[in-house]
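Take a walk through this structure.

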Amino acid sequence: MSATVTAEKATPPAPTRSRRMSLPRVLLLLSGALLALCAVRVITGADNITGSSQIAAALSLAVPIGLAGLGGLWAERAGVVNIGLEGMMILGTFFGAWAGYQWGPWTGVLVGVLAGALGGLVHAVATVSFGVDHIISGVAINILALGATSYLAKRWFEPLAHLGASPKQSPAVDDLPSFTVPGLSDGLKSLESHHWFLVSDIAGILGGLVTNVSALTALTVLLVVGSYFVLWRTPFGLRLRSCGENPLAAESLGVNVYLYKYAAVATSGALAGLGGVFLAMVRSHIYNEGQTGGRGYIGLAAMIFGNWRPGGLAAGAGLFGYSDALQLRNGGTTVHALLLLIAVVLVLLAVWKIYRKSYLTGAVSAGFAVLVLVWYFMTDTVPNEMVGATPYVVTLLVMALAAQKLRMPKYNNKPYRKGQAG
């Protein structure tokens, strides 16, 4: 009997595989991506792909996507799917610009955030209190936000034609403050101009991150870091996440599940509204009908790509912002240069899948790699129609080929009623 007990004690428990990527692996992947970009730049001569202007544009385009994704993260961690992020961004663009031209840009920021939060509260009332399906409620908010802002734009902006407004456009809004790190920006620009392998690329990337950076961009970085701290390092965050994992158990421990869901969805709307404010007051300085361009949905894709965590979400938003900046700034020539990088990635993916004995996926990846290489060598540029679709194609490819194990909160989009815990 003692021998049996000893043998049982000596048997170690089965190891559990972590779903999170370790820091060394993340750094290794980032280093590999940087080296691949450097090699593509040298081979193709497309110096813009790591230039400071390209990185600065990518950063400004990643911010609204990241804010929308961060809003989705808050809602889904509490168990509420927020498809209405696009509509909440639309509310942020309209009301931010409307208040901004009347009372100044910072007032516009506040009003845009409050408008997004109001959209979030409407979504919370529908889904949490009345049990409406989360997808249906979100789609309804997107439609209502678009219709309401189109109507109000005609009523409020059309009479201001003497200020440059129209039924689909607001008057111009004053700039929000921005900053440049003195000395460092000029030094990095000098290094970038030499086009040295890796050194100039790193200088260009860093230069884009420290030159003419908007105050809202800095605020977004703080919000990403703060969200991680609040959701994973505080009792409030633990209770909120428990509402998305097992609200019945949370209720049995005294957590007011309704209150936490309302707080999460309102915060989600506020963050999406801030993303809309960024589009209207930093990217263009006016409200334009349709200027969100589906970024709320791309933000959701970035959140899923990041496995419902702030760090991965930020990486996804950066990737989508970079692809968006490519098609806006550099056109078909630069996008064509990246076809070579896409082909290399597909080859590596094929080798990995075959090594893992996933032969069908490996063969499909290898086939697409051959097609992309043929496209690259047979052409000199990418048609403008395809260039404009670059960010959306990247979104689909990333979601289709992401190799990480994704796990959404267990109680996502499931009905909950107070008192079910007994």
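This is a predicted model: local features need pLDDT of at least 70, side-chain atom pairs count only at pLDDT 80 or more; totals for chains, interfaces and linings use all residues.

Residues are numbered from 1 along each chain as its sequence is written, and side-chain values use heavy atoms, leaving out hydrogens and water.

Start at helix α4, residues 85–103. Helices (H or I, at least four residues) and strands (E, at least two) are DSSP runs, numbered from the N terminus. Helix α5 spans residues 105–129. The axes of α4 and α5 come within 7 Å and cross at roughly 150 degrees. That makes α4 roughly antiparallel to α5. Angles over 145 degrees count as roughly antiparallel, under 35 as roughly parallel, 65 to 115 as roughly perpendicular, and the rest as oblique. Axes are lines fitted to C-alpha atoms, for helices over the stretch in contact, and angles run from 0 to 180 degrees between N-to-C directions.

Among the contact residues of α4 are Gly92, Phe95 and Gly96; those of α5 include Val111, Gly112 and Gly116. Contact means heavy atoms within 4.5 Å. The residues of this contact divide into eight nonpolar, ten polar and no charged. Here Ala, Val, Leu, Ile, Met, Phe, Trp, Tyr, Cys and Pro count as nonpolar, Asp, Glu, Lys and Arg as charged, and the others, Gly among them, as polar.

Now turn to α12, residues 257–283. The axes of α4 and α12 come within 7 Å and cross at roughly 50 degrees. The two helices are therefore oblique to each other. Met88, Gly92 and Gly96 are among the α4 residues that meet α12, whose own partners include Gly269, Gly273 and Gly276.

Next come the spaces. The second largest pocket has a volume of about 470 Å³. A pocket is an open set of points on a 1 Å grid, with protein on both sides within 12 Å along at least five of seven lines; a cavity is a set where a 1.4 Å probe fits but cannot get out; lining residues have an atom within 4 Å of a point. Of the 25 lining residues, the closest to the pocket's centre are Ser60, Thr211, Asn212, Val213 and Ser214. Helix α3 gives the largest share of the lining, six residues.

The largest cavity holds about 80 Å³ of space. Its lining includes Thr127, His134, Tyr258 and Arg417.

Definitions and conventions
Grid points are joined across faces, edges and corners, and a volume is the space filled by probe spheres set on the points.
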